[in-house]
Amino acid sequence: MQSVGVVSKNVKTIPLAGLQLTQPLDSIAFQKTISKPVSCTGVGVHSNKPATLTLRPASAGSGYIFVRTDVPKSSQRIPARWDTVTDTVMCTKITNEVGVSISTIEHVIAALAGCGVFNALIEVDGPEVPIMDGSSSEFVDLIHQACVHQLSKPTRKIKILKPIEVKSGTSSAAFKPANETKYMMKFNANGRLNNQEWSLTFYPEQDDFCNLLSSARTFGFYEDAQHLWSQGMAQGASLENTIVIKDGQVMNEEGLRFSDEFIRHKMLDAIGDLALAGAPLVGHFVGVNSGHALNNQLLRAFFSDKTAWSY
Ligand SMILES: [Zn+2]
């Protein structure tokens with residue numbers, strides 16, 4: 001198993017604003033947002049419609065809020081949380097209380113969470129986040145361009161207190177209690193790819209997400225394309241934004257960015273999916289061929305059991 005980013009740190013108890021926090025000294029974390037608005041433009045991978053995305057600063061405790069600038073002001077805001085997810089087929093879609101939705105939120109959320117940013121307004125002028133190059137790297141570049149801004153309130157972390165697992169066929173997603181945040185994954189696309197494994201001990205203060213995962217692109221099988229197109233999906237998918245696998249071979253001329261790019265992207269997706277918990281999780285995540293649907297089911301099972309977690 002490839003294991004990266006594991007470091008040992010001195011652990012001390014520090015009084016902070018009346019709280020006793022036991023965690024690594026240099027990771028006493030304050031909530032973060034970005035310093036200034038930044039924008040990018042691309043197309044929706046499913047809609048094939050052009051879309052401009054603007055990241056804006058948000059106050060502590062705001063979380064992630066999407067703002068659909070193409071609909072009336074009273075219905076523009078869509079909070080991105082595990083309980084606003086309404087569809088997980090091929091992407092993650094969220095919907096607000098008046099039925100306004102936005103799709104394919106996972107890669108920009110992964111970029112924000114990977115950079116330790118849990119408060120942001122994300123404006124989009126249409127129903128789908130632009131896919132850019134199919135990874136999170138252009139969103140990470142935007143965040144770096146804007147600069148991460150530390151807010152004055154400490155980060156509230158969610159501690160996993162007991163094991164929780166959800167399954168679908170041979171796929172599974174599980175949380176296990178631990179004192180660190182670690183993501184482990186096994187993936188073979190249910191037998192369509194060679195077995196790949198990855199694990200990452202996740203410290204937001206480090207750049208592991210940016211360096212190791214953020215540029216891993218989404219992928220699909222050529223054999224599935226006809227079916228997806230007939231369902232109205234993947235209309236904007238191309239070799240510019242998707243790794244396409246045909247008869248076990250990568251069709252993209254430039255090849256893969258990493259020999260294990262597929263599982264790196266699955267890790268990226270899981271970081272985006274689990275960030276919808278609303279705060280960093282403390283504990284282990286173990287995914288076996290899990291994707292957006294199972295990851296969201298895991299959060300639903302987790303939060304519905306009040307004995308499974310605490311702040
Ligand atoms: Zn993805």
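This is a predicted model: local features need pLDDT of at least 70, side-chain atom pairs count only at pLDDT 80 or more; totals for chains, interfaces and linings use all residues.
## Starting with helix α6

A residue is called buried here if 20 or more other C-beta atoms lie within 10 Å of its own. The buried residues of α6 are H292, L294, N295, N296, L298, L299 and F302. Around them lie several partners: these buried residues pack against the strands β9 (85-87), β15 (164-168), β16 (171-176) and β23 (309-310), and against the helices α1 (106-114) and α5 (261-274).

## A closer look at N295

N295 sits in helix α6. Is this residue buried or exposed? N295 counts as buried because it has 26 C-beta neighbours inside 10 Å. Setting aside neighbours within four places in sequence, N295 is in contact with A173, A270, D273, L274 and S290. The C-alpha atoms of N295 and G272 are 9.8 Å apart, although 23 residues separate the two along the chain.

## How α5 and α6 meet

Two packed helices are described by the angle between their axes and the distance between the axes. For α5 and α6, the angle is about 35° and the axes are 10 Å apart. Their crossing is right-handed.

Which residues make this meeting? From α5 come D269, A270, D273 and L274, and from α6 come H292, N295, N296 and L299. Sorted by class, this contact of α5 with α6 has 3 nonpolar, 3 polar and 2 charged residues.

## The nonpolar core

The largest nonpolar core has 76 residues, and the members that touch the most others are I109, L112, I143, M267 and I271. Helix α5 gives the largest share of this core, 7 residues.

One of these central members, I109, is worth a visit. Leaving aside neighbours within four places in sequence, I109 is in contact with Y64, A80, G272, A275 and L276.

After α1 comes G116, with a positive phi near 80°.

How many of the 10 residues of helix α2 (residues 137-146) are buried? The count is 7 of the 10, so α2 is likewise described as largely enclosed by the rest of the structure. The buried residues of α2 are S137, E138, F139, V140, L142, I143 and A146. Their cover includes the strands β4 (30-34), β5 (38-43), β6 (50-56) and β13 (148-154), along with the helices α1 and α3 (208-213).

Most residues other than glycine have a negative phi, and most peptide bonds are trans. C147, which follows α2, has a positive phi of about 75° although it is not a glycine. C147 lies in the loop between α2 and β13, and it is exposed because 10 other C-beta atoms lie within 10 Å.

A189 is not a glycine either, yet its phi is positive, at about 50°. Its place is in the loop between β17 (181-187) and β18 (196-201). With 16 other C-beta atoms within 10 Å, A189 is partly exposed.

Strand β17 holds F187, which counts as buried because it has 24 C-beta neighbours inside 10 Å. Apart from neighbours within four places in sequence, F187 is in contact with Q196, F262, I263, K266 and N289. F187 and F262 are 75 residues apart in sequence and 8.3 Å apart in space, C-alpha to C-alpha.

Where is G44? G44 is in the loop between β5 and β6, and its 21 C-beta neighbours inside 10 Å make it count as buried. Leaving out neighbours within four places in sequence, the contacts of G44 are K49, A51, T104, G126, E128, P130, I131 and G236. From G44 to N190 is 146 residues in sequence and 27 Å in space, C-alpha to C-alpha.

Technical notes:
Residues are numbered from 1 along each chain as its sequence is written. A residue is buried if 20 or more other C-beta atoms lie within 10 Å of its own, exposed if 12 or fewer, and partly exposed in between; C-beta atoms are placed from the backbone. Helices (H or I, at least four residues) and strands (E, at least two) are DSSP runs, numbered from the N terminus. Two residues are in contact if their C-beta atoms, placed from the backbone, lie within 7 Å. A nonpolar core is a set of buried Ala, Val, Leu, Ile, Met, Phe, Trp, Tyr and Cys residues joined through C-beta atoms within 7 Å. Axes are lines fitted to C-alpha atoms, for helices over the stretch in contact, and angles run from 0 to 180 degrees between N-to-C directions. A crossing is left-handed if the near helix is turned anticlockwise from the far one by less than a right angle, and right-handed if clockwise. Ala, Val, Leu, Ile, Met, Phe, Trp, Tyr, Cys and Pro count as nonpolar, Asp, Glu, Lys and Arg as charged, and the others, Gly among them, as polar.
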